[in-house]
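Subject: Structure handover

Hello,

Here is the structure I promised to pass on. Please open it alongside this note.

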Amino acid sequence: MSERAEELVTYIQEHCLWQFFSRSWDRDENIEGILTRAGELLTGEPFVMETQADKCWQAEAGILVAEFKARMPWIAAATREEITGIIAEVKGRMKEITVEKSRNEELRVKNY
Amino acid sequence: MPMTLFKCDTIIPEREKHCYIKAPGEDTTQFLPASNVATIPGTLSERGCSYCGAKLVIGGVLKDTIQMIHGPVGCAYDTWHTKRYPSDNDNFQLKYVWSTGIKEKHVVFGAEKQLKKCVLEAFDAMPGIKRMIIYTTCTTALIGDDPKAVAETVMKERPEVDIFVVQCPGFAGVSQSKGHHVLNIGWINQKVGTLEPKITGKYTINFIGDYNIQGDTYLVEKYITRMGIQIMSHFTGNATYDELRTMHRAQLNVVNCARSAGYIANELKKQYGIPRLDIDSWGFGYMAEGLRKIGGFFGLEKEAEAVIADEYALWKPKLDWYKAKLTGKKMCIWTGGPRLWHWTRAVEDDLGIEVVAMSSKFGHQEDFEKVIARGRVGTIYIDDANELEFFEVIDMMKPDVIFTGPRVGELVKKLHIPYINGHAYHNGPYMGFEGFVNLARDTYNAVSSPLWKLAAGDIRGKGVLTGLESKPGMEAAA
């Protein structure tokens with residue numbers, strides 16, 4: 001993983017509660033939804049908020065992007081392609097830590 | 001460093017998988033303490049029972065509900081007003097306690113008649129109260145009483161009353177956590193959606209997992225209300241029974257305590273499509289972030305910023321005064337579970353305090369994922385810690401202050417280390433901006449008090465008492 005993606009992962013690990021929702025499908029959904037929206041915010045891509053879940057991810061992503069920009073000045077100079085690549089790396093690593101390699105034995109329990 | 005076996009645990013080596021010290025470069029895919037599993041025989045656990053998790057933590061907070069404890073009187077007494085959650089109706093829930101007072105004859109002949117008698121008596125004695133929660137306890141579960149049948153009979157006889165039954169005896173799970181779970185799932189399946197709310201504004205939320213400890217709810221509600229948002233239901237701080245029946249109509253679930261109430265938030269998402277937004281309500285940075293996220297959801301960003309600006313202007317200078325005094329102090333957090341991850345960075349970022357050891361009584365592995373990700377390298381993380389482990393941690397880390405409950409707090413005081421009540425607080429509320437200044441004040445007063453040194457002196461001129469003189473297994477330290 002690139003150094004820049006690692007920086008973002010470290011920030012998310014230390015700050016964000018959404019990565020640790022109760023079950024694997026909740027975590028997958030949050031990582032995909034919030035980080036996709038964060039990428040769109042960083043690259044200025046338009047997006048549509050259709051559902052209540054979209055609004056929730058937008059609220060989380062908005063905070064995340066503001067913090068990324070404040071703490072990591074290189075983000076402002078990164079190209080669209082670079083941001084897209086970094087976000088894809090971050091998604092992969094977050095899923096690895098919190099879902100695929102998680103040692104949490106309740107993660108795949110069927111019921112809440 | 002991998003999982004750690006403390007010296008005091010040599011004879012119970014199973015404890016190794018519950019104790020972890022974080023080393024540089026490690027993450028939770030490598031090491032994660034075992035948790036929410038049965039306490040190992042021989043270890044002196046500080047856990048509570050499953051019934052307690054349902055009654056003391058969640059149900060007992062309701063301000064208009066009779067809490068009928070179907071069991072021996074001790075089960076009622078021991079979960080009565082030991083946690084200070086006030087209400088705006090003169091603290092009804094703190095003033096009274098109800099029990100069916102089970103005796104041996106009931107164990108032999110059954111206690112359902114006794115339950116019905118007590119339910120009717122309680123409603124008759126309090127004619128203004130029409131809502132009740134009945135809890136089973138170990139005794140009445142073991143004898144096979146059917147409190148749901150009794151509740152249904154009473155509701156048929158008295159249609160104006162509504163009763164919810166929590167069937168979670170003390171032995172149902174390994175800790176309080178099972179009680180949280182049973183109450184959450186029972187409530188969503190039986191009571192949510194049975195009443196329509198009065199919606200007074202455009203924006204509505206449920207605030208889930210705040211229990212109004214010493215007025216926490218009042219502070220957070222003030223911020224959210226000022227943003228123009230209606231809190232339809234508090235689960236369960238200063239809440240009524242009926243407002244919790246209307247949770248299905250909110251637009252957003254804002255979750256504070258994900259351990260005790262994450263279940264109902266998950267089910268509200270699954271069954272009603274209401275999204276879940278988790279926030280931390282303790283600490284300046286966290287509270288501001290939480291309000292910004294809520295504002296972001298509703299498009300009320302300016303309103304959130306206005307509240308944050310007002311609160312910072314009022315309270316930040318006071319916080320900074322305490323931060324200057326507290327920076328570098330070492331803290332232990334030995335509480336239930338969520339406050340470990342809510343507080344570890346909040347006290348570090350806002351007050352400069354280093355959290356050197358954390359212990360959870362009923363946290364699950366999800367809680368340890370959160371706290372290890374947020375916590376410091378070198379910090380000790382323990383599940384279901386026992387008394388001797390606490391002593392060993394104190395020797396290892398030399399904390400300046402310990403946030404814990406009154407049981408462990410008494411132990412700590414004997415060692416002349418200040419303790420702050422991490423469950424019910426010393427002089428709260430501790431949530432929100434004003435609350436975190438209260439926490440800072442209590443911490444500063446604790447670590448600055450000359451009392452600890454004075455209490456250690458022996459007026460007979462025999463030197464300084466360490467508090468360790470007669471503690472088994474610690475002769476060397478004494």
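Predicted model: local features only at pLDDT ≥ 70, side-chain atom pairs only at ≥ 80, totals over all residues.

**Domains of chain B**

The domain assignment of chain B gives two entries: domain 1 (50–173) and domain 2 (203–307). Taken over C-alpha atoms, their centres are 28 Å apart. The two domains of chain B do touch: 15 residues of domain 1 are in contact with 12 residues of domain 2. On the domain 1 side, the touching residues split into 6 nonpolar, 2 polar and 7 charged.

**The sheet in chain B**

Four strands of chain B form an open sheet, with 4 strands in the order E3-E2-E4-E5 and parallel pairing. Strand E3 (98–99) and E5 of chain B stand at the edges; each has a single partner strand, so one side of each has no neighbour in the sheet.

Look at the two ends in turn. E2(B) and E3(B) pair in the parallel sense over 2 bridges. There, Ile69(B) stands opposite Ser99(B) of E3(B). At the other end, E4(B) and E5(B) pair, also parallel, over 5 bridges. Phe164(B) in E5(B) is the bridge partner of Ile133(B). Is strand E5 (residues 162–166) of chain B mostly covered or mostly open? Mostly covered: 4 of its 5 residues are buried.

**Helix H5 of chain B**

Helix H5 (residues 112–125) of chain B has 14 residues. At 1.5 Å a residue it should span 20 Å, and its end C-alpha atoms are 20 Å apart, so the two agree.

Which residues of H5(B) are buried? They are Glu112(B), Gln114(B), Leu115(B), Cys118(B), Val119(B) and Phe123(B). These cover an arc of only 160° around the axis, so they sit on the same side of H5(B). The face turned away from that buried side carries the exposed residues Lys113(B), Asp124(B) and Ala125(B).

**Where the chains meet**

The contact between the chains takes 27 residues from chain B and 23 residues from chain A. On the chain B side, the elements giving two or more residues are helix H10 (258–272), strand E9 (276–278), helix H11 (284–298) and helix H14 (365–374). H14(B) gives the largest share, 6 residues. By class, the chain B side has 7 nonpolar, 9 polar and 11 charged residues.

From chain A, look at helix H3 (residues 52–71). Its 20 residues should span 28 Å at 1.5 Å a residue; the end C-alpha atoms are 29 Å apart, which agrees. The buried residues of H3(A) include Cys56(A), Trp57(A), Ile63(A) and Leu64(A). The buried residues of H3(A) pack against helix H2 (24–43) of chain A, together with E9 and H11 of chain B.

**A buried isoleucine**

Ile380(B) lies in strand E12 (residues 380–383) of chain B. Ile380(B) is buried, with 23 other C-beta atoms within 10 Å. Leaving out residues up to four places away in sequence, Ile380(B) touches Ile21(B), Ala357(B), Val393(B) and Met397(B). Ile380(B) and Met358(B) are 22 residues apart in sequence, yet 6.1 Å apart in space, C-alpha to C-alpha.

**Backbone points to check**

Most residues other than glycine have a negative phi, and most peptide bonds are trans. Here are some exceptions.

- A cis peptide bond joins Phe235(B) and Thr236(B), with omega about 10°. Thr236(B) is in strand E7 (residues 229–236) of chain B.
- Gly428(B) and Pro429(B) are also joined by a cis peptide bond, with omega about 5°. Pro429(B) lies in the loop between strand E14 (419–421) and helix H17 (432–448) of chain B.
- Tyr425(B) has a positive phi of about 70° although it is not a glycine. Tyr425(B) is found in the loop between E14 and H17 of chain B. With 22 C-beta neighbours inside 10 Å, Tyr425(B) counts as buried.
- Lys398(B) has a phi near 50°, a positive value in a residue other than glycine. Its place is the loop between helix H15 (387–397) and strand E13 (401–404) of chain B. Lys398(B) is exposed, with 10 other C-beta atoms within 10 Å.

Best wishes

Note on methods: Residues numbered from 1 in each chain as written. Chains lettered and ligands numbered in written order. Domains from an automatic or database assignment. Contact = placed C-beta atoms within 7 Å. Nonpolar A, V, L, I, M, F, W, Y, C, P; charged D, E, K, R; others polar. Expected span 1.5 Å × (residues − 1). Buried ≥ 20, exposed ≤ 12 C-beta atoms within 10 Å, placed from the backbone. Arc of directions from axis to C-beta. Pairing = 2+ DSSP bridges.
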